[in-house]
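The sequence and the model are shown first.

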Amino acid sequence: MQRELRDLARPSADASEKPPVDFKKLFGRVAGVLVALWIVALILLKWSVIPVVVAGVLTAAAVGSGVWVVRYVNRSRALGALLKTANETEEGRKDALKRLETDYKKGDVQASIARAQLEMQDDPRKALATLEAVDLSRQIGPVADQVRCTRATIHLQLGDLQEARALVDKIELGKQQEVKTRAMFAAVAAETWGRTGQGKKAVELLDVFNPDDPELVEMRVQMWRARAFAHAADGDRKAASRALKKLAEINPQLLGMFIAAKKVHPMLQQEAKQLLMRSGAVPRKMVRQRM
């Protein structure tokens, strides 16, 4: 579990890379809409000043939103770089936790998520407490869903299935623009649904994504694991076994989660034990002790 939590806490991309936001394209579209709006407002000015006032208010709102987006993305990049450094050494992790407490405001949701990602490596319950302190009602939808997804991930690791279910049922998967984020949310939601008896719903969601898609290579482990749970709940032993074999091809030790974790489908436990023994990654005696 600790190994998996450390893997989840690692940044998914090089922190030095630019975020997947095309500011030029985004601001160009907004500018085009505003220009058209002002043209219409000026045409209507000879009849009423209201259109000009409306255009002015919308322009101010657009500028304010643009400033917020730029700051939000820049903070995300800074936090990504901090997390990357934190995962290189134990000293770096301690230093990052200290900086998150001193350099960021208490209500900064991005800093809270970053802090929880570091805390859950050693104390998942502490990470949950950090995320539960975030007032989701005051966050925009995608950000609130990111917090829900992270909390649900920790609950899944701890075997708190109903708590995870309550969170993922509120996630709006369609509102995430970045494909990797959608895939991650889908994997967490599908695993939760699969482990709480909604296998068919989980399978239908996962069928939208291809785990072998080069663009989703960073999500392969989470997606194949979710497929194992989903197919097991749906009664498809063959498909569940295939998902476990895919995980074994990546790293046989990934099968340990199905053996040691709480509330795992018996069929998955049995199949994972057999694959793990055949792989030779774990001595047979150790596997028998867990049975």
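## Burial and overall make-up

A residue counts as buried when its relative accessible area is under 20%. By that cut-off, buried residues make up 44% of the 291 residues in the protein. The model is a predicted one.

The secondary structure comes to 15 helices and 0 strands. Among contacts between residues at least 6 apart in sequence, 59% join residues at least 24 apart.

## Helix α11

Helix α11 covers residues 220-233, which makes 14 residues. From its first C-alpha to its last it reaches 20 Å, close to the 20 Å expected at 1.5 Å a residue. After α11 comes G235, which has a positive phi, near 85°.

Of the 14 residues of α11, 11 are buried, so the helix is largely enclosed by the rest of the structure. The buried positions are Q222, M223, W224, R225, A226, R227, A228, F229, A230, H231 and A232. Charged side chains are included in that set, namely R225 and R227.

## The second largest pocket

The second largest pocket has a volume of about 330 Å³. Its lining consists of 16 residues, and K105, K106, G107, D108 and S112 are the ones that lie nearest the centre of the pocket.

By class, the lining has 7 charged, 5 nonpolar and 4 polar residues. Helices α4 (90-102) and α5 each supply at least two residues of this lining. The largest share, 3 residues, comes from α5.

## E119 in helix α5

Helix α5, which contributes to the pocket lining, spans residues 109-119 and includes E119. Is E119 buried or exposed? E119 has a relative accessible area of 5%, and the cut-off for buried is under 20%, so E119 is buried.

The side chain of E119 makes a polar contact with the side chain of T130, at 2.6 Å. T130 is also among the residues that E119 touches when those up to four places away in sequence are not counted.

Definitions and conventions
Residues are numbered from 1 along each chain as its sequence is written. This is a predicted model: local features need pLDDT of at least 70, side-chain atom pairs count only at pLDDT 80 or more; totals for chains, interfaces and linings use all residues. Side-chain values use heavy atoms; hydrogens and water are left out. Helices (H or I, at least four residues) and strands (E, at least two) are DSSP runs, numbered from the N terminus. Buried means under 20% relative accessible area, exposed over 50%, partly exposed in between (1.4 Å probe, protein chains only). A polar contact is a pair of N or O atoms within 3.5 Å; within protein, one must be able to donate a hydrogen and the other to accept it, and residues adjacent in sequence count only if both atoms are side-chain atoms. Contact means heavy atoms within 4.5 Å. The expected span of a helix is 1.5 Å times one less than its number of residues. On a 1 Å grid over the protein atoms alone, a cavity is a set of points where a 1.4 Å probe fits but cannot get out, and a pocket is an open set with protein on both sides within 12 Å along at least five of seven lines; lining residues have an atom within 4 Å of a point. Grid points are joined across faces, edges and corners, and a volume is the space filled by probe spheres set on the points.
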